[in-house]
Amino acid sequence: MYLCSREGFTWVFQMPVEIHWTKGKKVASGLKGCCVFLVGMMGSGKTTVGKILSEALGYTFVDSDEYVEQTAGGNSVSHIFQQYGEDYFRDIESEALQKLSIIPRQVVATGGGSVVRPINWKYMRQGITVFLDVPLDALARRIAAVGTDSRPLLHLDSGDPYTKAFMGLFTLSKKRVEAYSDADVIVSLLDLADDLGFEDVSDVGPAAIALEVLIQIQKYLQDNNEKSMQTFL
């Protein structure tokens with residue numbers, strides 16, 4: 001059994017996806033069926049955190065990349081990139097987000113590049129967007145540990161796995177950082193690690209990140225409700 005305390009709330013869990021989380025129910029009530037779209041760079045933990053988050057909220061979890069692969073006849077994202085190019089993949093991705101955006105009570109882990117197309121924001125704005133902001137160094141370490149074979153945008157000609165991952169992520173980040181900042185909620189792992197007393201963001205587990213997402217969504221909903229009341233008055 002583990003304990004995770006944050007802002008006076010203690011979350012008790014035995015396994016990352018086996019949780020008892022009353023806060024999730026409270027946030028789900030405020031969401032009123034509204035979907036949650038997780039955005040962020042590859043390796044930021046959107047899928048892992050999303051699964052825990054969906055269980056806490058009582059939502060269905062969907063990985064948009066896997067959804068695209070099913071739509072494309074079971075072909076992997078890497079295969080789609082290699083055979084048809086990135087533009088073709090982005091077209092299918094947009095179609096997938098359009099379909100997913102109209103289904104309530106879902107946590108959707110989006111692809112890292114989904115934010116580059118304005119039309120995708122139109123779909124995701126039908127729910128709440130959450131940016132998982134993870135330092136590039138931590139992302140590169142994670143990706144280098146498992147390899148870049150499944151990451152078509154990180155296929156560089158030379159360099160050790162970490163350097164290839166970091167340089168590729170750095171290039172992508174410059175193109176996407178402004179778009180990521182448009183998310184309704186931003187969860188910074190640097191800030192969270194500091195709050196929890198960790199020196200390395202990699203020490204912050206997905207359960208703690210999911211809890212922070214819930215806390216920040218709740219704050220976002222409260223702020224919006226207060227703004228609506230002030231407008232009404």
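**A walk around helix H5**

Mentor: Start at Glu93, which sits in helix H5. Helices here are DSSP runs of H or I with at least four residues, strands are E runs of at least two, and both are numbered from the N terminus.

Trainee: What kind of model is this, and how are residues numbered?
Mentor: The model is predicted, so local features need pLDDT of at least 70 and side-chain atom pairs count only at pLDDT 80 or more, while totals for chains, interfaces and linings use all residues. Residues are numbered from 1 along each chain as its sequence is written, and side-chain values use heavy atoms, with hydrogens and water left out.

Trainee: Back to Glu93. Buried or exposed?
Mentor: Glu93 is buried, with a relative accessible area of 1%. Buried means under 20% relative accessible area, exposed means over 50%, and partly exposed is in between, using a 1.4 Å probe and protein chains only.

Trainee: Which residues does Glu93 touch?
Mentor: Setting aside residues up to four places away in sequence, Glu93 touches Asp65, Val68, Gly111, Gly113, Ser114 and Asn120. Contact means heavy atoms within 4.5 Å.

Trainee: Which residue forms a salt bridge with Glu93?
Mentor: Arg90 does, and the closest N and O atoms are 3.0 Å apart. A salt bridge is a side-chain nitrogen of Lys or Arg within 4 Å of a carboxyl oxygen of Asp or Glu. Glu93 and Arg90 are 3 residues apart in helix H5, so about one helical turn separates them. Both residues are buried.

Trainee: Which residues make up the network there?
Mentor: Salt bridges link Glu86, Arg90 and Glu93 in a network.

Trainee: Why do such side chains pair?
Mentor: Opposite charges can pair when the charged atoms come close.

Trainee: How many salt bridges are in the whole structure?
Mentor: A search finds 6. One of them joins the side chains of Asp91 and Arg117, at 2.8 Å from N to O. That pair links distant parts of the chain, 26 residues apart: Asp91 is in helix H5, and Arg117 is in the loop between strand E6 (106-109) and helix H6 (118-124).

Trainee: How accessible are Asp91 and Arg117?
Mentor: Asp91 is partly exposed, with a relative accessible area of 37%. Arg117 is partly exposed too, at 22%.

Trainee: And where do Arg141 and Asp200 sit?
Mentor: The side chains of Arg141 and Asp200 meet in a salt bridge, 3.2 Å from N to O. Arg141 is in helix H7 (residues 136-146), while Asp200 is in the loop between helix H9 (189-196) and helix H10 (206-232), so the pair links distant parts of the chain, 59 residues apart. Arg141 is partly exposed at 35% relative accessible area, and Asp200 is partly exposed at 26%.

Trainee: New topic. How do H3 and H5 cross?
Mentor: Two packed helices are described by the angle between their axes and the distance between the axes. The axes of H3 (residues 64-71) and H5 (residues 86-101) come within 9 Å and cross at roughly 110°. Axes are lines fitted to C-alpha atoms, for helices over the stretch in contact, with angles from 0 to 180 degrees between N-to-C directions. H3 and H5 are therefore roughly perpendicular. Angles of 65 to 115 degrees count as roughly perpendicular, under 35 as roughly parallel, over 145 as roughly antiparallel, and the rest as oblique.

Trainee: Which residues meet there?
Mentor: Ser64, Asp65, Tyr67, Val68 and Thr71 in H3 meet Phe89, Ile92, Glu93, Ala96, Leu97, Lys99 and Leu100 in H5.

Trainee: What about the ends of H3? Which residue caps the N-terminal one?
Mentor: Asp63 caps it, with a side-chain oxygen 2.9 Å from the backbone nitrogen of Asp65. Gly73 follows H3 and has a positive phi, near 75°.

Trainee: And H4 with H5, at what angle?
Mentor: H4 (residues 77-84) and H5 pack at about 130°, with their axes 7 Å apart. That makes H4 oblique to H5. Val77, Ile80, Phe81 and Tyr84 of H4 make the contact with Glu86, Tyr88, Phe89 and Arg90 of H5.

Trainee: Last one, Leu100. Buried or exposed?
Mentor: Leu100, in helix H5, counts as buried at 1% relative accessibility. Beyond its neighbours within four places in sequence, Leu100 is in contact with Cys35, Val62, Ser64, Tyr67, Gln106 and Val108.

Terms used: Polar contact = N/O pair within 3.5 Å; in protein donor to acceptor, adjacent residues only side chain to side chain.
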